[in-house]
Structures are given as structure tokens and as C-alpha cells.
Amino acid sequence: MDAAHVHNGHGAHGHRNTGLMRWVTTTNHKDIGTLYLVFSLTMFFIGGLLALGIRAELFQPGLQFWQPEFFNQLTTMHGLIMVFGAIMPAFVGFANWQIPMMIGAPDMAFARMNNWSFWLLPPAALLLVASFFVPGGATAAGWTLYAPLSTQMGPGMDLAIFALHIMGASSIMGSINIITTILNMRAPGMTLMKMPLFVWTWLITAYLLIAVMPVLAGAITMLLTDRHFGTNFFNAAGGGDPVLFQHIFWFFGHPEVYIMILPGFGIVSQIVPTFSRKPLFGYSSMVYATASIAILSFIVWAHHMFTVGMPAATQLFFMYATMLIAVPTGVKVFNWIATMWKGSLTFETPMLFACGFIFVFSIGGFTGLVLAITPVDIQLQDTYYVVAHFHYVLVAGSLFALFAGAYYWLPKWTGHLYDERLGKWHFWLSMIFFNVTFFPMHFAGLAGMPRRVPDYALQFADFNMISSIGAFGFGLAQLIFVYAIVKCVRGGEKAKDKTWEGAEGLEWQVPSPAPYHTWETPPVIR
């Protein structure tokens with residue numbers, strides 16, 4: 001069968017599947033990108049509902065709605081669903097849509113594997129959500145699944161382990177596909193150092209995924225054998241070590257944090273130059289900064305473990321290594337601001353989200369530096385300060401970048417312009433309510449409020465009430481996003497060839513090499 005048939009979901013006789021089967025069997029990178037994005041949006045709302053369950057309970061002291069056990073299930077599943085079901089698949093959806101178009105490739109390198117790596121996700125998501133309905137409910141071990149707690153949990157834990165295995169396989173296949181596509185299928189003249197930064201960040205992210213996903217698989221497989229096959233990897237009574245689990249988990253977990261932010265950096269690096277109407281400042285330094293963040297991410301994992309009783313020398317090493325990773329991140333922020341400097345700026349929705357990203361992500365970065373200081377972290381470990389920190393990085397970081405990218409590329413994807421007024425409402429409500437939700441958590445954490453608790457002392461009541469109000473506001477604001485997308489997909493003003501005026505004619509703009517600049521079937525490759 002020739003490439004034209006394979007790449008566009010045609011059957012062996014050259015006819016196109018219609019209706020549902022088109023989506024099930026498609027090998028077209030745009031269709032698969034759309035599937036990823038719809039899936040991640042669905043999981044985002046499921047994870048969000050769990051978060052609202054958490055905040056409803058914490059609205060005032062005392063137990064209002066949930067038993068502590070169920071409350072812990074909510075926190076665990078909220079984390080797992082948001083990380084593996086919402087943020088990661090969304091970025092893969094962006095990669096599927098944009099990378100072939102940005103490098104002038106007809107499609108992804110392995111079109112059928114691309115379909116397969118998506119269709120692994122819905123069954124995995126069903127397994128995760130179904131764990132609420134098995135005896136004993138979902139796992140309550142926290143999204144980090146720490147042993148020895150996770151070795152004692154009911155069958156919900158096994159479902160979570162199985163789901164993570166499947167999602168990991170999906171990630172690895174997607175990454176192999178992305179790396180092969182970028183290294184082998186660039187248009188003539190598209191050298192590595194001419195690639196758009198979004199492509200660069202994904203190339204580096206894909207290597208990270210391939211390096212760390214098997215480590216997570218190893219950790220949860222050891223957990224599984226501890227649970228059912230009599231091994232003692234993490235059982236101190238049998239000669240194992242529960243801290244070993246933390247080392248393996250965080251050796252995956254810290255690069256994972258950068259897997260969830262680097263593509264966001266790439267999206268912001270596409271948007272800021274467009275709305276500043278000048279090329280990105282310091283392109284090569286951005287590439288090197290991204291690569292150095294990726295490399296350093298492997299040597300900082302134990303900053304999550306300052307309280308396990310490490311030797312002082314080890315604590316010092318991880319403290320300094322963690323501070324070092326702030327340098328390339330700072331280079332990126334500097335370059336974005338330098339790009340905007342003296343540009344002719346306009347603030348359409350994508351640019352608002354990109355600027356919001358830079359501002360709020362920087363706050364998350366600073367609180368990360370605070371937590372990197374070993375003696376400070378020993379005080380703040382497992383308090384709400386940590387919760388505030390990583391939500392500033394992952395909500396105002398990853399999620400805002402995803403919103404920015406969605407508004408930026410929707411005209412390209414749908415052929416219609418989105419409603420600018422709805423977009424601005426979405427931005428301002430999200431920005432305000434996000435800060436109302438998570439900023440007070442810094443104070444609650446500094447005052448000593450532990451995380452993952454359904455009840456708390458009276459002194460934390462006001463901060464929690466403010467956070468809960470903010471959370472419901474933030475959740476409702478996301479309905480505007482859904483409405484804006486649906487409205488855009490269903491019609492509206494036609495998008496022009498160059499949607500974002502004033503951004504044309506610069507060499508950093510997305511290229512459209514001769515054969516593949518249409519949306520039609522790519523030429524047959526023999």
C-alpha cells in the first residue's frame with residue numbers, strides 16, 4: 001500500500017472510512033492530534049471535578065462530605081489523572097498536529113503506531129476511573145504511590161498500576177515516533193537549528209520520556225511483586241527499603257516534571273515572537289537551555305526526599321544541583337522578555353496566556369528555589385507550600401501554555417477564528433481565580449498546614465475558605481474555554497491564510513515547503 005493510503009486512513013482499496021471508523025482507524029496526524037486533545041480535555045474535567053471534591057471538603061474545618069479514606073482517594077486520583085490523563089496527552093496532541101506541519105513532513109514517521117499509541121489511552125483512563133468502584137475504592141496512597149502504604153492498598157492499587165503501565169507504553173511509542181519524525185522527515189533545508197522551538201522542545205522531551213518511563217514501570221512492577229508475589233523490595237521487615245521506592249519513583253518523577261513543562265516552553269516561544277512582531281531573542285541559547293534543563297533534571301531527584309535521613313553531603317549536592325537548574329530556566333524567561341522588549345506588542349488571547357504563563361510560572365520557579373534550600377524544605381516538606389509551588393508550575397505553567405497554544409492554533413486547525421471576547425474572559429477569570437486559589441496556600445503552608453488532610457486546625461480556616469472559593473471560580477471559568485472551542489469548531493468568521501497579522505515574512509515563522517503546504521493528501525512516497 002502506498003503512503004498516501006496509509007497516511008490518510010484509507011482502506012486497502014483506497015476508500016476513506018467515514019463516521020466512527022474514520023476516528024478508530026485513522027493514521028492521519030491531524031485526526032490523531034484531535035483525538036489526543038479531546039481525550040485530554042475530558043480527563044481535565046474529570047480531574048477537575050475530583051479537585052473540587054477536595055476543595056469542597058476543605059471549605060471549613062471538620063468533616064463535611066467525605067470520610068478521610070475517600071478524601072485521600074480524591075487527592076491521589078486527581079494527581080494521577082491530571083498528570084497522565086490531562087497534561088501529557090494534551091502536549092502529545094499538539095505535537096501530532098504541529099510537528100509534521102512545522103518541519104514540512106507529510107505525516108508522522110510511523111502512522112499506524114501513532115494510532116495505536118493513542119488508543120492505548122482510553123482503556124487506561126477507564127481503568128484509573130474504574131478503580132473508584134472496586135472493593136476498597138481507588139488507591140489512597142497519594143499520586144506518588146509511596147511504599148509501604150501502596151503495598152497495603154486494595155485492588156484499586158492494582159488497577160492504577162496497570163493503567164500507568166499502559167499509559168507509559170503509549171508515551172514511549174509516541175516519543176519514538178516524534179524523534180524519528182523530527183530526525184528523518186524534515187523538509188530540504190530545514191536544518192536542526194532552523195526548526196521552530198516547539199519542535200526542539202518536543203525532541204528533547206521525547207528523549208526524556210524514553211529515558212524515564214521504563215524507570216516508573218520498574219518501580220510499579222516491583223510494587224506489584226511486593227503486593228502479590230512475596231518479594232520484599234520495599235518491605236523493611238523482609239530486608240527491603242521503603243526509601244528505595246522514593247529514589248526510583250523520583251528518578252522518574254523529576255524529569256517527568258520537565259516533560260510536562262518543556263513543550264509549554266516551546267509553545268510560548270512560538271507565541272511571544274508572533275505577537276511581539278520580531279524574531280525570538282537568542283534562538284540558539286533557548287535550544288541549549290532546553291537541553292541543559294533536560295540533562296540537569298536527572299541529577300536533582302532527591303530534593304523531593306530531604307526528610308528521609310540522607311547524609312548532609314548528599315543533601316548539599318542535591319540542593320546545589322537544584323539551584324543550578326534555575327539558571328537555564330532563567331535564561332528562557334530573560335529571552336522571552338527580551339523578545340517582547342521594543343516589539344510592537346498586541347495582546348490577543350494567546351499572548352495574554354503566554355504573558356500570564358511567564359509571570360505566574362516565574363513565581364512557581366521562585367518558590368521552587370525556596371524549597372530547594374534543604375533546611376527550609378525540612379520545615380515545608382508535605383505542607384501546603386509545596387502544593388502551592390507545584391500548582392504554580394503545572395497549572396499556571398503547563399495548563400496556561402496549553403490554553404495559549406489552543407487559541408493560537410485553533411484558526412489553523414478549524415479554519416475559523418475563535419471568539420476573541422470569550423478568550424479574554426477565559427484568560428482573566430482563569431488568571432484571577434487561579435491566584436485566589438493557590439496564593440493563600442503559600443501562607444497556609446508556611447504556617448504549617450499539612451497537605452492531604454481532610455480536616456485541619458481552626459487557624460487555617462480563612463486561607464482554606466479563600467482557596468475553595470477560588471477553585472470553584474477557576475473550574476467554572478473553564479466552561480468558557482469549552483464553549484469558545486465548540487463555537488469555533490462549528491463555524492464563525494473564516495480564518496485568513498495568515499491569521500496573526502504582522503507576523504508574516506520572518507524566517508522564524510512556521511515554514512511551508514513546496515509539496516506539503518496544502519491540507520490535501522501528501523504526495524505518494526515510493
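Is Thr-383 buried or exposed? Select Thr-383: the residue is buried, with a relative accessible area of 5%, where buried means under 20%, exposed over 50% and partly exposed in between (1.4 Å probe, protein chains only).

This is a predicted model, in which local features need pLDDT of at least 70, side-chain atom pairs count only at pLDDT 80 or more, and totals for chains, interfaces and linings use all residues. Residues are numbered from 1 along each chain as its sequence is written, and side-chain values use heavy atoms, with hydrogens and water left out.

Thr-383 sits in the loop between α16 (374-380) and α17 (384-414); helices are DSSP runs (H or I, at least four residues) numbered from the N terminus. Display Leu-380 next: its backbone oxygen lies 2.7 Å from a polar atom of the Thr-383 side chain. Leaving aside neighbours within four places in sequence, Thr-383 is in contact (heavy atoms within 4.5 Å) with Gly-445, Met-449, Pro-450 and Arg-451.

Proceed to helix α18, residues 420-446. Its 27 residues reach 39 Å from first C-alpha to last, close to the 39 Å expected at 1.5 Å a residue, the expected span being 1.5 Å times one less than the number of residues. At the start of α18, a side-chain oxygen of Asp-419 comes within 2.9 Å of the backbone nitrogen of Arg-421. Further along, select Val-436, where α18 has a kink of about 25° shortly before the proline Pro-440; the bend is the angle between axes fitted to the seven residues ending there and the seven starting there. After α18 comes Gly-448, with a positive phi near 105°.

Conventions
Helix = DSSP H or I, 4+ residues; strand = E, 2+ residues; numbered from the N terminus. Polar contact = N/O pair within 3.5 Å; in protein donor to acceptor, adjacent residues only side chain to side chain.
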